[in-house]
Amino acid sequence: MSAPRLAVLISGTGRNLQAILEACADGRIPATPSLVLSNRPDVAGLQRAADFGVAHATVDHRAYPDREHFDQALGDALEAAQPDIIALAGFMRILTPGFIRRFKGRMFNIHPSLLPLYRGLHTHRQALENGDTWHGASIHYVTEELDAGAVIKQGRIRIQADDDEASLARRLMENVELALYPEVLSWAASGRLQWRDGIAVLDDQPLHQPLLGDY
């Protein structure tokens, strides 16, 4: 049986993409990277894909009159790669419901908060302003409602007294995100993780609460 095909959507430098491609290369994610797609040309993440010999392309959102036309073109490019698993890794576009329905059940996102806290942007700032003790990242299935799909696993770090937005974002990326996303994608690629009627199921056990790890 051939390995599942993995596509990754990016918008920027591709730090999480790098971790994912490294995990595919060394066998921790038993999947074949089939495509890296960016909505912005000339970003560093595309070079990372090239360095791994992975097919990569740009569908520039600025070339389309609205979200619907962009998402149609993005979806067509994605579908041509026949992905079994789709990972949003720093993809900074809100996807239309039609696009999400097209790929529902095989699309994952990493979000830098302990969902359901702080959906959307500026999560590090919000955690600091609210005086939180912990901050973290969540891997979830993508659904029509923003950052509201079933959460599979979360990782967290303690907020330090001298943290600012930049230091908190950096520590979260380095200590949590780069380990957390490959781990969850490995479960999906091996068949341990499945989507059943809007619920994440790991090893045949529904995840009514996300798994949690401290880092």
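View 1. W134 stands opposite R158 in β7. The model is predicted: local features need pLDDT of at least 70, side-chain atom pairs count only at pLDDT 80 or more, and totals for chains, interfaces and linings use all residues. Residues are numbered from 1 along each chain as its sequence is written, and side-chain values use heavy atoms, leaving out hydrogens and water. Helices (H or I, at least four residues) and strands (E, at least two) are DSSP runs, numbered from the N terminus. β6 and β7 run antiparallel, joined by seven bridges; for strands to count as paired, DSSP has to find at least two bridges between them. With β11, β7 pairs in the parallel sense over four bridges, and there R156 stands opposite D214. β7 is largely enclosed by the rest of the structure, because six of its eight residues are buried. Buried means under 20% relative accessible area, exposed over 50%, and partly exposed in between, using a 1.4 Å probe and protein chains only.

**View 2. Q154 sits in strand β7.** With a relative accessible area of 8%, Q154 is buried. Its side chain makes a polar contact with the side chain of S138, at 2.9 Å. A polar contact is a pair of N or O atoms within 3.5 Å; within protein, one must be able to donate a hydrogen and the other to accept it, and residues adjacent in sequence count only if both atoms are side-chain atoms. Leaving aside residues up to four places away in sequence, Q154 touches L114, L115, A137, S138, L180, P210, L211, L212 and G213. Touching, or contact, means heavy atoms within 4.5 Å.

**View 3. T143 is in the loop between β6 and β7.** This threonine is buried too, at a relative accessible area of 16%. A polar atom of the T143 side chain lies 3.4 Å from the backbone nitrogen of G149. Not counting residues up to four places away in sequence, T143 touches I100, A148, G149 and W195.

**View 4. Eight strands make up an open, mixed sheet.** Read across, the order is β3-β2-β1-β4-β5-β6-β7-β11. β3 and β11 (211–214) are the edge strands, each pairing on one side only. From one strand to the next, the twist averages 20 degrees. For these angles, axes are lines fitted to C-alpha atoms (for helices, over the stretch in contact), and values run from 0 to 180 degrees between N-to-C directions. α2 packs on the sheet by touching β1, β2 and β3, and its direction makes about 155 degrees with that of β3. Helix α6 (residues 165–190) packs on the sheet as well, touching β4, β5, β6 (134–141), β7 (151–158) and β11, with its direction at about 155 degrees to that of β7.

**View 5. Parallel pairings: β1 with β2, and β4 with β5.** Six bridges join β1 and β2, and R5 stands opposite T32 in β2. β1 is mostly covered, with five of its six residues buried. β4 (residues 85–88) and β5 (residues 107–111) pair over three bridges, and A87 stands opposite F108 in β5.

**View 6. α1 has a run of buried residues.** N16, L17, A19, I20, L21, A23 and C24 are the buried ones in α1. Their cover includes β1, β2, α2, β4, β5 and α6. After α1 comes G27, whose phi is positive, near 90 degrees.

**View 7. α2 (residues 44–51) buries G45, L46 and A49.** Why do these residues end up on the same side of α2? They cover an arc of only 105 degrees around the axis, the arc being that of the directions from the helix axis to the C-beta atoms. What covers them includes β1 (5–10), α1 (15–25), β2 (32–38) and β3 (56–58).

**View 8. Residues 5–185 carry a UniProt domain annotation.** The unreviewed UniProt entry labels this stretch "domain: Formyl transferase N-terminal". UniProt positions are given in the numbering used here, feature names are shortened, and annotations may be inferred rather than shown by experiment. Over residues 5–185 the chain is 38% helix and 23% strand, with the end C-alpha atoms 12 Å apart.
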